[in-house]
Amino acid sequence: MTLGNSMLIPILPKMESELNLSSFQVSLTITIFSITAAIFIPILGYFSDRFSRKVIIVPALILYGLGGLLAGMASAWFNSAYLWIMVGRAMQGIGAAGTAPIAMALTGDLFKGGEQSKVLGLVEASNGFGKVLSPIVGSLLALLVWHGPFWGFPIFCLISVLLTALFVKEKKKKKEPPSIGNYVKGLFSVFKQEGRWLFTTYLAGATCLFTLFGILFYISNVLEDEHDIVGVLKGAILAIPLLFLMTTSFLTGSHIGKNLKIMKRLIILGLLLMTASFGTLTLFTNLIPFFSVLVVSSIGTGLVLPCLNSLITGSVGKSRRGFVTSLYGSVRFLGVAAGPPIYGWLMEMSRNWMFLSTAGLTFIVAFLCLVLIHVKNNPSQSDQSSKSLFKKLQLTTE
């Protein structure tokens, strides 16, 4: 999933010049992927609940690869290249909708308790690892031809399809899936009981991805336009903040267990670190001090995301987990979709305003998390039978 956008970041300026596009048009290649994914994620999440995770993941990966193939062919041979690239990117967005969000639900199915948090941390770290590798891989493929990254998608998807088909083993469902009416009624019940904190965590996840891809879009343009840094070196520099995000995500997921109080504190701490980092970036233009401050926001993001994953994945039982985690995936994708065009607009207004408004956003979200997420751990209550993990651990929203 992370290759879908991050691998294209290094080639966006080149695409702009080769196809005679505006900066806004180029940013839409990121946006259409993310918006399409956001639309289809809840739909595929429902089908994964009704049938199985694997039956959604494998066809989604195939569609993802075909979309990349179409975009590559359009870039190389088609007259209306931009139009067909956008069609291919929309296909990839639908494919992406059936990958990582469903994999998160699958993790919730297969692992329980503290092990679930650890594996979800690993999932988020692998997400970060994909972001670390993808600018470098994208830059390397672009050395062959500028649209090389599009041709890389079918290869990665084929490998993923084979690994998923061979090694992912799901437990067979013992009960018939609920009717659509009962399923929807159950979802309304979930959001009625736990909606206040759940939507707050959705907002936090979207904010993290919005700021991450917005800043990456800004850096990609600055490196090329102001510092004449291109190719693999540019990809390696873009990977620096992502490396810190990945490492922090892995360490966070490995240590939080199911301690809800620690999760809430780390979410707030992470958002405040992002606020401090973005606010301070207004003071620096030289690359070394700029990136030294920027990695603080990456560490903050790495603290927030694994905790959100654990909170959201454990919020409902297996029968509706696919939809709830998929809806979370949707808002994350909306954050990714909004990042490049909004930051492109803010860059034209004022660099300082861009960073200060970002800092203001992360501070507001931190405050909402402080006020709206109320947790209370009860060590005496362990793994009692309940539809909601949060009822076991007495997470309340009073």
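Guide: Asp228 lies in the loop between H9 and helix H10 (231-255), where helices are DSSP runs of H or I with at least four residues, strands are runs of E with at least two, and both are numbered from the N terminus. This is a predicted model, in which local features need pLDDT of at least 70 and side-chain atom pairs count only at pLDDT 80 or more, while totals for chains, interfaces and linings use all residues. Residues are numbered from 1 along each chain as its sequence is written, and side-chain values use heavy atoms, with hydrogens and water left out.

Visitor: Why is Asp228 called exposed?

Guide: Its relative accessibility is 64%. Exposed means over 50% relative accessible area, buried under 20%, and partly exposed in between, with a 1.4 Å probe and protein chains only; Asp228 therefore counts as exposed. Asp228 also has a positive phi of about 55° although it is not a glycine.

Visitor: What makes Asn20 exposed?

Guide: The value for Asn20 is 69% relative accessibility, so this residue counts as exposed. Asn20 is placed in the loop between helix H2 (12-18) and H3, and has a positive phi of about 55° without being a glycine.

Visitor: What is meant by the bend in H3 at Phe40?

Guide: The bend is the angle between axes fitted to the seven residues ending at a residue and the seven starting there. At Phe40 this angle is about 35°, and a proline, Pro42, follows within four residues.

Visitor: Why is Gln92 called buried?

Guide: Gln92, found in helix H5 (residues 81-97), has a relative accessible area of 0% and is therefore buried. Its side chain makes a polar contact with that of Arg89 at 3.0 Å; such a contact is a pair of N or O atoms within 3.5 Å, and within protein one must be able to donate a hydrogen and the other to accept it, residues adjacent in sequence counting only if both atoms are side-chain atoms. Leaving aside neighbours within four places in sequence, Gln92 is in contact (heavy atoms within 4.5 Å) with residues including Phe33, Tyr64 and Phe153.
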